[in-house]
Amino acid sequence: MLETQEAQSSTQPQTGTPAGLPVEPRRIVWALLRRRKIIWLTTFLGAAAGVAAALTWAPREFASSAIFAWDATAGRAEGVDTMRELRTMVDSVKTPSVLAEIRKRLGLTATLEAIAARLDVVANERSNLITVSAVAPTPEQAVDLARVTIDAFQQQRLVFEKARRSDNLRQLEASLAGANQDLAKLRATYEEFRKAEHVTDLTAEVTQALSDVARLEQQQVSAKADSMAEQARLDWLEEAQKKRPGNVVLSEKTVRPQGTKLADVEAELAGLRSGGLSADHPRLAMLEAEAKALRADEKSWKKSVVTERNEGRNPQLEAIEGRIAEASAAREAALARERALSQLGADANANLERLRVVEGKAGELLRTLRATEAHVSELEGRRAAAMDAARSPASMLTLLEPPEAPSRPRKSLRKLVAAACTVLGLLFGVLYVVAGALRGLRVHTASEAAFWGRAPTVYSSEWPIHGEADDVKLDLAAQLDSAPGTTLIVPAGTQELALARELAALANWPAHDPESKARVQVWLEDAQGPALRRAVRSADRVLLMVGAGEHSGLKLAQLPGRIGAERSYGFALLGVAGWLSALPDTCGDANSFWNPRKDGPRLRVVASA
């Protein structure tokens, strides 16, 4: 026999990511707003405490400064690294000896390191200004500390300068003694050298030797020029002698016949004219015609005719021969003079070379001697200055601005302390309110119940704190009446048990009975034990009644497993605070809770005899 039996309807277990939030941010914000008076109070108390602490406890720092000008050149030798000495001077302000003197004068009990921390020394390497600043809790203490510091510092500088100058004087005296010994040795060496070289005034002798060499060279050049000139004259005379003939015409008499005739005619014409003859006279006309004819033949009347000649030896040769003899004698004399001057010049040059060698050695000795004398003179001057400086040492520091009492603190923690206390008060108030809202991670909203319980929150109400029970009864009854299957209402704990009884009485919901066929049943016993788990397994859905603020999220997460609610379950949150009523009253998929998806019919084959 075949028999079809519909399987017991079941619902899907709760899976997936839970809805809601572990803490509702708006609840925290509203908690801060509701309890803002507490935050204001803690902020005010923090501000008051900050003001009191700032006035009584917060330290203040007053700074008093003094400015020195350092004379970097006074009493110092050349080549001293002034920048290094300035840095050394700045560092020496905080030496143990100065700090100990400061502590002694002021009667302080602080350590040297603590006193050094209250001092600040700054130097300007360009202007050589040194600024000493002292920090103290009061203006008077700052001025006293700065004044004592500069006094101790100047005293230390005086002691240091006195020791340095005394040591410098000793070094100069030792150096001067050694330099004087070297100078005496150099003078003795120089005198021995002069005696050995037989020189008295080396400079004058060298000058005279130079003058002699120059003079002899000039005379030698002049003699050479004279000899060359005489040789050239001799050569010219000999050449002229060769060109002259041996015999020449000594005297010669010449006449011009035609010219004489022309002169006679012209003389006669002049006589006739002076005699008073007319121009037409035949004699004058004849003579003029003859004179004209003679003038016309110019070559004939200008031609000369030798009438008498006397020849003999050329007198120029005799004169040239005399001059040749004179030139030969002058050339020989010039050559002899040139040879003599050349020898004298060689001797003068040898003497000059000897004097130059002597002068080089003497010059080296003399330069060393002069340098040693200059060094001795310089050391004597420096020793005199060092003696004056050692008799009256000075710190080389000029106080430009003495320390003065500051009118306001350089650094004060009062504002910082007051502000910090105010902020701490504010933070304490905020943390106090937030800690109260998060105390125990208790569930207060539908969103938080859905997150921690990993199931939808299908209903939430302010009852029994606010609101009417009838409203709760009507809302739940409407949902329960429309939901298919059976619903078991289980209180989450003993706190909710009284609420469950009260709600069951108001809604006329019966207590759980396994034999009852009622669609809505209420578990009115403790929420634990096998009986509860069996009742839960027999119901189609379980509605867990949770009181707002009564359970932690961790307990709520463990509740379904503790009561065996493996099927569809949800939460009803009661007693929600009135100031949270604006938040959503459900969270999660409530529709799946009230209308669970059912599995299809299953067939079971039953064999019958």
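**Exercise 1. How are α1 and α12 oriented to each other: parallel, antiparallel, perpendicular or oblique?**

The model is predicted: local features need pLDDT of at least 70, side-chain atom pairs count only at pLDDT 80 or more, and totals for chains, interfaces and linings use all residues. Residues are numbered from 1 along each chain as its sequence is written, and side-chain values use heavy atoms, with hydrogens and water left out.

Step 1. Locate the elements: helix α1 covers residues 25–34 and helix α12 covers residues 414–437. Helices (H or I, at least four residues) and strands (E, at least two) are DSSP runs, numbered from the N terminus.

Step 2. Take the axes, which are lines fitted to C-alpha atoms, for helices over the stretch in contact, with angles from 0 to 180 degrees between N-to-C directions. The axes of α1 and α12 come within 9 Å and cross at roughly 130°.

Step 3. Classify the angle: under 35 degrees counts as roughly parallel, over 145 as roughly antiparallel, 65 to 115 as roughly perpendicular and the rest as oblique. α1 and α12 are therefore oblique to each other.

Step 4. List the contact (heavy atoms within 4.5 Å). R27, I28, A31 and L32 of α1 meet V430, V433, V434 and A437 of α12.

**Exercise 2. Find which residues of helix α3 are buried, and where they lie.**

Step 1. Apply the cut-offs: buried means under 20% relative accessible area, exposed over 50%, partly exposed in between (1.4 Å probe, protein chains only).

Step 2. In α3 (residues 82–92), E85, L86, M89, V90 and S92 are buried.

Step 3. Viewed down the axis of α3, these residues fall within an arc of 165°, so they line one face of the helix. The arc is that of the directions from the helix axis to the C-beta atoms.

Step 4. On the face of α3 turned away from the buried side are the exposed residues R84 and D91.

**Exercise 3. Describe the pairing of β2 and β3.**

Step 1. Two strands pair if DSSP finds at least two bridges between them. Strand β2 (residues 119–124) and strand β3 (residues 129–136) run antiparallel and are joined by 6 bridges.

Step 2. β2 and β3 form a hairpin with 4 residues between them, and N128 in the turn has a positive phi of about 60°.

**Exercise 4. Is T149 buried or exposed?**

Step 1. T149 sits in helix α6 (residues 139–197).

Step 2. T149 has 0% relative accessibility, so it counts as buried.

Step 3. Leaving aside neighbours within four places in sequence, T149 is in contact with V93, I102, L119 and V132.
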